[in-house]
Amino acid sequence: MYDVWRRAELSKRLDVWSSYLGSRVDEGATGRRELEEVLAAARTAQAAGDLDSAEDLSRRLIDDAGEYGLPHAPSAPRPEEADAQVRDYVKDLLPEALSLAERDGLDRVSLFLRCESRRLRGRCDIDPLTRQDIDYVYARAWMALDLGQVEAANRELVRLRDIAASFPERSP
């Protein structure tokens with residue numbers, strides 16, 4: 001599953017660069033041809049399964065764009081942004097890595113996780129330490145989902161429900 005995540009992350013990064021070069025950099029601009037060659041080499045390395053080389057080349061794009069003084073060049077996204085962007089790409093690659101039953105398990109846990117955390121976060125009677133616990137368990141569950149570990153995500157969902165059980169719903 002880690003390989004799926006890496007490929008998706010790399011695909012997203014290279015697609016962003018392709019869009020940037022196609023829409024923001026003039027045909028004759030200094031460095032465009034060189035950046036397109038690096039981008040093509042990165043895509044070739046990725047297609048050949050050499051993800052390490054492809055990632056090195058994608059980092060080189062950032063460095064080279066800075067050297068060429070290209071304005072508004074894509075930078076490395078913050079970790080949370082990167083994960084959010086990559087999840088869509090991962091969904092496209094999951095059928096190769098996981099069975100239908102495993103994907104259904106991920107979707108089920110994801111749905112329950114969102115609902116349970118939303119319900120807990122909306123409560124006013126939860127102290128700051130418990131909120132921190134909720135955020136921590138929620139993050140661990142998402143990490144497990146990102147890695148395709150349904151059992152681990154289920155364990156974290158149980159932990160979240162245990163926290164919720166200590167704050168029963170009040171009747172109106």
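Ser11 makes contact with Gln46 and Tyr89, setting aside residues up to four places away in sequence. The model is predicted. Ser11 belongs to helix α1, which covers residues 2-24.

- Is Ser11 buried or exposed? Ser11 has a relative accessible area of 18%, and because buried means under 20%, Ser11 is classed as buried.

**α1 against α4**

- Helix α4 spans residues 79-97, and its axis comes within 8 Å of the axis of α1, with a crossing angle of roughly 125 degrees.
- That angle makes α1 oblique to α4.
- The crossing of α1 past α4 is right-handed.

**Val86, on the α4 side**

- Val86 is located in helix α4 and is buried, at a relative accessible area of 2%.
- Which residues does Val86 touch, not counting those up to four places away in sequence? They are Trp5, Ala8, Glu9 and Lys12.
- Val86 and Arg7 are 79 residues apart along the chain, and their C-alpha atoms are separated by 9.4 Å.

**α1 against α2**

- Helix α2 covers residues 32-47; the axes of α1 and α2 come within 11 Å and cross at roughly 155 degrees.
- This crossing angle makes α1 roughly antiparallel to α2.
- α1 and α2 cross in a left-handed sense.
- The class breakdown of the α1 contact with α2 is 7 nonpolar, 4 polar and 5 charged residues.

**Arg6 in α1**

- Arg6 is a residue of helix α1.
- Arg6 has a relative accessibility of 13%, which counts as buried.
- The side chains of Arg6 and Asp52 are joined by a polar contact of 2.7 Å.
- Apart from neighbours within four places in sequence, Arg6 is in contact with Leu51, Asp52 and Glu55.

**α2 against α3**

- The axes of α2 and α3 lie 8 Å apart, and the helices pack at an angle of about 170 degrees.
- That makes α2 roughly antiparallel to α3.
- α2 and α3 have a left-handed crossing.
- α2 contributes Glu34, Leu35, Val38, Leu39, Ala41, Ala42, Ala45 and Gln46 to the contact.
- α3 contributes Leu51, Ser53, Ala54, Leu57, Arg60, Leu61, Asp64, Ala65 and Tyr68.
- Counted by class, the contact of α2 with α3 has 12 nonpolar, 2 polar and 3 charged residues.
- Leu51, listed on the α3 side of this contact, is also a contact of Arg6.

**His72, in a loop**

- Where is His72 found? His72 is in the loop between α3 (51-68) and α4.
- His72 has a positive phi of about 60 degrees, although His72 is not a glycine.
- Most residues other than glycine have a negative phi.
- With a relative accessible area of 61%, His72 is exposed.

**Ser166, after α7**

- Ser166 is placed in the segment after α7 (150-165).
- At 48% relative accessibility, Ser166 counts as partly exposed.
- A polar atom of the Ser166 side chain lies 2.6 Å from the backbone oxygen of Ile163.
- Ser166 and Ile126 are 40 residues apart in sequence, with a C-alpha to C-alpha distance of 9.9 Å.

How values were computed. Residues numbered from 1 in each chain as written. Predicted model: local features only at pLDDT ≥ 70, side-chain atom pairs only at ≥ 80, totals over all residues. Heavy atoms only, no water. Helix = DSSP H or I, 4+ residues; strand = E, 2+ residues; numbered from the N terminus. Buried < 20%, exposed > 50% of the residue type's maximum accessible area, 1.4 Å probe, protein only. Contact = heavy atoms within 4.5 Å. Polar contact = N/O pair within 3.5 Å; in protein donor to acceptor, adjacent residues only side chain to side chain. Axes fitted to C-alpha atoms, helices over the stretch in contact; angles between N-to-C directions. Parallel < 35°, antiparallel > 145°, perpendicular 65-115°, else oblique. Left-handed = near helix turned anticlockwise from the far one by under 90°. Nonpolar A, V, L, I, M, F, W, Y, C, P; charged D, E, K, R; others polar.
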